[in-house]
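Take a look at the model below.

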Amino acid sequence: MDVRRSVQAFVYETMKRINLLDEVIRTASDLDPRRVRSTPLRWILRVGVLEMKVWNNPPAPVTDCMVRLAKEMVNERAGGLVNAVLRRVESVDVEEDVLSGRDPVERLALEHGHPKWFVEYCMRLLGRRKTELLLRANNRVPPQYLRLNTLMVDTLTGPELLRRRYGIVTEPTFLEEVRTLIRGRGYGSKAWREGLVDVQDLASACASAALPVEPGDVVLDVCAAPGSKTTHLAQRMMDEGKIYSIDIDPKGLRVLERRCRRLGITCVETVRRDARRLDPDSVPEPPDAILVDPPCSTTGVWNRNPDSRWKPKPLRRFARREWSVLRACLRVAEEYGCPVVYSTCSVSWEENEAIVKRAHDVFGFKPVEPDVPGSKGLERGPKGERFEWPERVRRYWPFRHDSAGFFVSLLEPS
Ligand SMILES: C[S@@+](CC[C@H](N)C(=O)[O-])C[C@H]1O[C@@H](n2cnc3c(N)ncnc32)[C@H](O)[C@@H]1O
């Protein structure tokens, strides 16, 4: 394992298990790590516990190493504190002293490194079995997926070309143009720099594959940066027609423009705009199709970004923002009579099925089955709410599809 990978593994594991590591420290010492002001000191304590109690490394060398680090990075007194805490941690039995006697939700949260609210929420939404599967899958790093740039290579000969010329070995997925990276480097590699491949999660590619587009179409990609879906759509349109990539973030749009240049895409025009203010008069051209991928709670990508799970996730507030973006786009789609793909990288009900139901109730848009594989949507929400069309939307689960948790719906005006 090279140094970068092993540092990544340290950071990833510590991030994932913050709640358990902090609980061990509290049990051993009455010290609440969240109150430790010095950031390096807080992390040194956590890494020490991770090494000792999760990875079962011998306590003495771990403590010595952490004490030295604390002295170097903070000061002499911090070294003393680390020594005192880790010596007490040594005698903590995680099962007996920390986990036993907890209620099932709290125990699952500690065992699998997730916030308690999320475990509780998933138990109501998915039941215990799927909740456990999701928590476990969120702790595995998913594979990297490479999307073949079909403007430069074809899906039949591309994989062999990548193997022979670039040492990149891939395997097929259920989407023809998306391959699982098995060996070699994807992001930043020579093949990537030359534009032969792009990096895009399999589930994210299903969102851009779900929009019915043809060469020559006019497409609005709303909330488009950094451009995974824009560039996929451009490939599917053979770089003919027009894609207006709309986003509020100018830096994100610059990234998207660079990405298009790398991939040899010319049919994209970036538009800096607040999507909540889009209306039929202000769109650059009457669209044939719209893709809406608004900012969400990102609860579907905790397998790639473990630190995100510890940030507050007010699902209802996210749902309000998603609705305000989608609502504006539905007004446009209603007037021009075009289909809309609505997608998120969230696993929640509020941001997904509930939004589709609202699109139907308010604007009369109905979900129609998209032409992409995937699991069906949820039938019931966390409070027993019903969703009429689970077969017509797609869900992607880290534990089933080895991808991000994702939601994809294709909405058509009545
Ligand atoms: C989930 S990301 C989009 C990912 C993108 N579709 C892709 O496939 O690469 C959400 C994007 O929404 C943008 N955004 C947030 N609020 C917005 C708003 N009010 N109007 C337009 N874009 C917004 C963010 O800047 C961010 O780039």
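Which residues come nearest to the ligand? Of the 19 residues around the ligand, the nearest are Cys-223, Ser-228, Asp-249, Ala-275 and Asp-293. A residue is near a molecule if its C-beta atom, placed from the backbone, lies within 6 Å of it. The shell divides into nine nonpolar, four polar and six charged residues. Here Ala, Val, Leu, Ile, Met, Phe, Trp, Tyr, Cys and Pro count as nonpolar, Asp, Glu, Lys and Arg as charged, and the others, Gly among them, as polar.

Some ground rules come next. This is a predicted model: local features need pLDDT of at least 70, side-chain atom pairs count only at pLDDT 80 or more, and totals for chains, interfaces and linings use all residues. Residues are numbered from 1 along each chain as its sequence is written.

Now the whole chain. The protein chain has 16 helices and twelve strands. These are DSSP runs numbered from the N terminus: helices are H or I with at least four residues, strands are E with at least two. The C-alpha atoms fill a box of roughly 70 × 55 × 35 Å along the principal axes.

Of the 414 residues, 46% count as buried. Buried means 20 or more other C-beta atoms within 10 Å of a residue's own; exposed means 12 or fewer; partly exposed lies in between; C-beta atoms are placed from the backbone. The largest nonpolar core has 117 residues. Such a core is a set of buried Ala, Val, Leu, Ile, Met, Phe, Trp, Tyr and Cys residues joined through C-beta atoms within 7 Å. Cys-206, Val-222, Ile-290, Val-292 and Cys-329 touch the most other members. Helix α14 (residues 315-336) gives the largest share of this core, eleven residues.

Follow Val-222. Beyond its neighbours within four places in sequence, Val-222 is in contact with residues including Ile-246, Ala-275, Ile-290 and Cys-329. Contact means C-beta atoms, placed from the backbone, within 7 Å.

Next comes the loop between β5 (218-222) and α12 (228-236), which holds Pro-226. Cys-223 is found in that loop too. Most residues other than glycine have a negative phi, and most peptide bonds are trans. Cys-223 has a positive phi of about 65 degrees. The peptide bond from Ala-225 to Pro-226 is cis, with omega near 10 degrees. Is Cys-223 buried or exposed? Cys-223 is buried, because 23 other C-beta atoms lie within 10 Å.

Asp-30 sits in the loop between α2 (18-29) and α3 (39-54). Asp-30 counts as exposed, because it has 9 C-beta neighbours inside 10 Å.

Turn to the strands. Strand β3 (residues 178-183) runs antiparallel to β1 (residues 145-148), joined by three bridges. Four bridges join β3 to β2 (residues 169-172), again antiparallel. Strands pair if DSSP finds at least two bridges between them. β2 and β3 form a hairpin with five residues between them.

Finish at helix α15 (residues 353-363). Its buried residues are Glu-353, Ala-354, Ile-355, Val-356 and Ala-359. They pack against α14, β9 (340-344), β10 (366-368), β11 (393-396) and β12 (406-412). Just after α15, Gly-364 takes a positive phi of about 75 degrees.

How values were computed. Contact = placed C-beta atoms within 7 Å.
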